[in-house]
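Reader: I would like to go through this structure step by step. I will ask what stands behind each term.

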Amino acid sequence: INARARDFAKIGRLYLNKGNWNGKQVISKNWVEQSTKLDTTNGSVNYYQYCWWKFKPNDFVAIGILGQYIYVNPDKNLVMVRLGKDKGKINWRDVLPAIAANY
């Protein structure tokens, strides 16, 4: 997806609100819940479901190959977006949850 940070943040907000956008259910709540939970019943790994990576019990992130991140932390009601040319020398899987912990 070629998009701006604002567009990626909207995707994060949509998932933060379980598929609801300003009172309208755009994506099924069930789909959002299924795609962002830990589930290995069908042979998938316990940290990845339907294009979302799980970090901790409730937070999840979409990761692009060029350093794009959409981090969603429902417990903090928080969405963070990181865009970049590449991932750089930073472990964003540690940095994003650390920032959220101090939010």
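Predicted model: local features only at pLDDT ≥ 70, side-chain atom pairs only at ≥ 80, totals over all residues.

Reader: How many bridges link S5 and S6?

Author: S5 and S6 (residues 69-73) pair over four bridges, again in the antiparallel sense. Ala62 has Ile70 as its bridge partner in S6, and Ile63 has Tyr69. S5 and S6 also form a hairpin, with five residues between the strands. There, Gly67 takes a positive phi near 90°.

Reader: What makes S6 a mostly covered strand?

Author: Five of its five residues are buried. Take the faces in turn. Tyr69, Tyr71 and Asn73 lie on one side, Ile70 and Val72 on the other, and all are buried. Both faces of S6 are therefore covered, given that buried means under 20% relative accessible area. In a regular strand, side chains alternate between the two faces of the sheet.

Reader: Which residues make up the largest nonpolar core?

Author: Nine residues do: Phe8, Tyr15, Leu16, Val32, Trp52, Phe60, Ala62, Ile70 and Val72. H1, S5 and S6 each supply at least two residues of this core. H1 gives the most, with three residues.

Reader: What does the second core include?

Author: The second core is separate and has eight residues. Val61, Tyr71, Met80 and Ala100 are among them. In soluble globular proteins, nonpolar side chains tend to be buried together.

Reader: Why is Ser35 called buried?

Author: Ser35 is in helix H2. Its relative accessibility is 0%. Buried means under 20%, so Ser35 counts as buried.

Reader: What makes the approach of Ser35 to Val32 a polar contact?

Author: A polar atom of the Ser35 side chain lies 3.2 Å from the backbone oxygen of Val32.

Reader: Is Asn22 buried or exposed, and how do you know?

Author: Asn22 has 60% relative accessibility. Exposed means over 50%, so Asn22 counts as exposed. Asn22 is in the loop between S1 (20-21) and S2 (24-25).

Reader: What makes the phi of Asn22 worth a remark?

Author: Phi of Asn22 is near 50°, a positive value in a residue other than glycine. Most residues other than glycine have a negative phi.

Reader: What is the phi of Asn77, and where is this residue?

Author: Phi of Asn77 is near 55°, again positive in a residue other than glycine. Asn77 is in the loop between S6 and S7 (78-82). That hairpin has four residues between the strands.

Reader: Why is Asp86 called partly exposed?

Author: The relative accessible area of Asp86 is 45%. That is between the 20% and 50% cut-offs, so Asp86 is partly exposed. Asp86 lies in the loop between S7 and H3 (92-101).

Reader: What lines the second largest pocket?

Author: The lining includes Tyr15, Val32, Lys54, Phe60 and Pro74. H1 (5-16) and H2 (29-35) each supply at least two lining residues. By class, the lining has six nonpolar, two polar and four charged residues. About 160 Å³ of space lies in this pocket.

Key:
Residues numbered from 1 in each chain as written. Heavy atoms only, no water. Pairing = 2+ DSSP bridges. 1 Å grid on protein atoms, 1.4 Å probe; cavity = no way out; pocket = protein on both sides within 12 Å on 5 of 7 lines; lining within 4 Å. Points joined across faces, edges and corners; volume = space filled by probe spheres on them. Nonpolar A, V, L, I, M, F, W, Y, C, P; charged D, E, K, R; others polar. Core = buried A, V, L, I, M, F, W, Y, C linked by side-chain atoms within 4.5 Å. Buried < 20%, exposed > 50% of the residue type's maximum accessible area, 1.4 Å probe, protein only. Polar contact = N/O pair within 3.5 Å; in protein donor to acceptor, adjacent residues only side chain to side chain.
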